[in-house]
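Me: I would like the terms checked against their definitions. Please keep it brisk.

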Amino acid sequence: MSPEAAAAGASRVVMSAADIDRALTRIAHEILEANKGSKDLILLGIPRRGFPLAQRLAAKLAAADPSIKADAIVGQLDVTMFRDDLARQPTRAPERTRLPAAGIDDKVVVLVDDVLFSGRTIRAALDALVDLGRPRAVRLAVLADRGHRELPIRADHVGKNLPTASAEKVRVRLNETDAASSSWSGADEVVIEAGL
Amino acid sequence: MRHLLSTQDLSLENAIRILDTAEEMAAVGEREVKKLPALRGRTVVNLFFEDSTRTRISFEAAAKRLSADVINFSAKGSSVSKGESLKDTAQTLEAMSADAVVIRHWASGAPAQLATSGWIDAAVINAGDGTHEHPTQALLDAFTMRRHLSRLNGTDSTGSNLVGLRVAIAGDVLHSRVARSNVWLLQTLGAEVTLVAPPTLLPVGVEHWPCAVSYDLDSVLEAGVDAIMVLRVQAERMNDSFFPSTREYSRRWGLDDARLARLDTLGMKDTIIMHPGPMNRGLEISSAAADSSRSTVLAQVRNGVSVRMAVLYLALSGDLRDPPPRLPPPRTAVDNRPNTRADETRENAR
Amino acid sequence: MTAQKTADQAGPEAAARYLIRGASPLGKEQTDLLVQDGRIVEIGSGLSARSATVIDAAGLIALPGMVDPHTHLREPGREDAETVETGSRAAALGGYTAVHAMANSSPVADTAGVVEQVFSLGRDAGWVDVRPVGAVTVGLAGKQLAELGAMADSRARVRIFSDDGICVSDPVLMRRALEYVKAFDGVIAQHAQEPRLTEGAQMNEGKVSAVLGLAGWPAVAEESIIARDVLLAQHVDSRLHICHVSTAGSVELIRWAKARGIKVTAEVTPHHLWLTEELVRSYNPVYKVNPPLRAEEDVAALRAALADGTIDVIGTDHAPHPSEAKDCEWAQAAMGMTGLETALSVVQHTMIESGLLDWEGFARVTSVAPARIGRLAGQGRPLAVGEPANLVLVDPAARWTVDPRTMATKGLNSPFSGRVLPGAVVATFYRGHPTVLDGKLNSPYRQANPRGIQGEH
């Protein structure tokens, strides 16, 4: 470890609140561009932090395209029961799955998550989607891609690529989910912590 | 959560967790694909030493919706009725690698013995033991009451408790595992419970329970109640002089048509009527009461599957019982005999 | 602190001569006791060890050999659970020199033939006096008196009669039995349990049974029978003994009866002096017993009653069961606990270390009084010159962990398993012969004239 890293308490901020906001704005425009407009767009956030990110993206889409009603295109997709590591982890209580009223059949579903790592969460999300309906297409938007994929999965929209060591941890802290936690610095941020 | 043996030792945190998980499970029941892969490859044994088709199919549906393999083991017609002991049965199930045993037993405490004896390593879910407890019934009752309460309050039921809810439990408390499990759980969730029964059908020691006790159903109704849970009363109790006749019982302690009408005149339009089933219509509950819009009997049955899914999921998903597959030790020239066990292990490790 | 046998000083001729050096009789001042030919022949300090085996008993307490008024030896009939041999070995290790074997064997000890068989098995084993208890009614069926006189006149010389395990609930039959045994100075030992009030009963009825959903065993089922029987005993002026008293209410009734001069004696088990119904919360059938474990208040009342003499004796109600009888659902499990090898320690813990009883009181409740109730000559005698040498040496400072697998009894059903208990039997002398030395079985007592024994068969 370099002296600088040690001085920084073995954790460094790699995205500030402003960086996060800019990245989401860019992703929102990319989504509209890739979809050639807003038709049939649905954003499904993966709990916990994917959901507020999906809400923020929806708000930005609505700002860019007045025909979009943000609330009507956002949902939450819980993947707990579809994970491949259920028996290896402490018990996880499932989170709620909420779909927009229009459902997902024949829609373009954009899965939204905070960090893309092994790809296993997205694999579970794809399985969960199959049981809920048949989208026309599924895309993936993530705030950060830290690499180390274990499955053939890649994101369509990436806020920032973060080269990391596999032992390091990437922490995303958002106002909606983390403001009450002891590690809250007062603003959104993405932090890399040294592994133990 | 390792086992679910009683509601008495269930913390508020765990109770809420089960009910919240059940809410998510309930959503699955409303989908076209009513199945989750969470317990794929896990084996759930329904070990029933006492007939109860309703409870068994509820657990069976719950396990199957979670993709578990289900084995039904009924004491009737099996070696259990020919004198095979609980211990031998448990060890048989252990040899078959059961991951969870859902046990219904006529003897109070049999699930606790199964969980603590060391005969079997599986998670044990009490599906009703003697006159002791029936924790999943109490959980589904609480789930039903919580949904009712949050609908009235216009709030989300997830995460909420039952503080302020007034519940009357009327009937044969002495012989009722449902009553016991409900008293503890409702107390944990913050509800106010009043037991209403003839003195002969209340256990000695009930004065130590965290609830009120009354012999007078009418005064309990007049004092105001949000949920009336009617317990099944077996007509045969009459033969043991627990009460003089079924007619006298239903007149004094039954939820009959007159008392159903009283709920309206007392202005308790939101009071629900619950029954764990099977009902003795005309004895502890009149048909009009059982079929009224206040009745949650069918909702209870429906919620039973969701609650049991939650319990099975939380008991089974948490820990991996078997150690991860070990690689076989490197084979030396000396040890060149076929080693079946090692071969199997290597097969698993691939 | 174990006894040291200095056998080098003893020639073969002196095998029956033992010098117990520096013991404290009844916990009082140290002295030496010389045992020879089955009797205590000399007491005093600095006795000569010439030609005697010396037992170093410094720090040990000498007590009269314990007498159990209530043991289940299971033979004949359930030799898989216990035999006279294994049960009386356990008794010797527990500090006993006499036990009363209850009548609920198979066949029931309701004839002179069966009681003589048990008596002979006990004498052949040679570890303790085995005194059979005769059944009150034929087959313990509660219908017809057994031949009490024939059993009394038999070589077993039965004086205690009991249907133990079952209550003599018919008041007329109980009255007749109480009257009849006066003819030979017998006593009826009643198992006080009103049968209708305890149908299907599983544990003490109260706040724990209410929670556990186990059928309640009300205190009144015991107390109502005791109330009836002390009045019957008064009416016909007979001796009555109440087995295993377990409730505070029973204690009050017995206290009342004794104050009125009724000839009633009462017994309490070591487990009822310590354990409570709270243990049943585990649903572990090792805690299933008849009468059931009761509440804290009952335990306190029983201890006080034993201290003030309302309760006369400790009876172990030693009830060994094969493991399958306990490895099952609570409702299907057999009732009973082993007790011979833990009784001394449990009484030391509950009565002596609590300050309720001294060692003299211990001797009263474990030896003197039970021998008197059973009219047992040569047992429960003072530690004095000329008295039979039935005595036990106890190390009160010892601490040991109960492990049923290392015990002499076949029963694994000790409710004290895993507990650390105070006090250990170092040596037991039965008829002047050390059946136990250094806390281990030594050898059984053999009558001087074996031909005489055979002649009696």
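Reply: What follows goes through domains, contacts and the nonpolar core.
This is a predicted model, where local features need pLDDT of at least 70, side-chain atom pairs count only at pLDDT 80 or more, and totals for chains, interfaces and linings use all residues. Residues are numbered from 1 along each chain as its sequence is written, and chains are lettered from A in the order in which they are written.

Me: How do you know where the two domains of chain B lie?
Reply: The bounds come from an automatic or database domain assignment. That assignment gives domain 1 (12-134 + 300-316) and domain 2 (135-297) of chain B. Their centres, taken over C-alpha atoms, are 26 Å apart.

Me: What makes up the contact between domain 1 and domain 2 of chain B?
Reply: Two residues are in contact if their C-beta atoms, placed from the backbone, lie within 7 Å. Domain 1 of chain B supplies 24 residues and domain 2 of chain B supplies 28.

Me: Which residues does B:V101 touch, beyond four places in sequence?
Reply: B:V45, B:L47, B:L93, B:L114, B:I120, B:A122 and B:V124.

Me: Why is the set of 305 residues called a nonpolar core?
Reply: Because a nonpolar core is a set of buried Ala, Val, Leu, Ile, Met, Phe, Trp, Tyr and Cys residues joined through C-beta atoms within 7 Å. Buried means 20 or more other C-beta atoms within 10 Å of a residue's own, again placed from the backbone. The largest such core has 305 residues, and B:V101 is among those with the most contacts inside it.

Me: How many residues join chain A to chain B?
Reply: 14 residues of chain A are in contact with 15 of chain B.

Methods
Buried ≥ 20, exposed ≤ 12 C-beta atoms within 10 Å, placed from the backbone.
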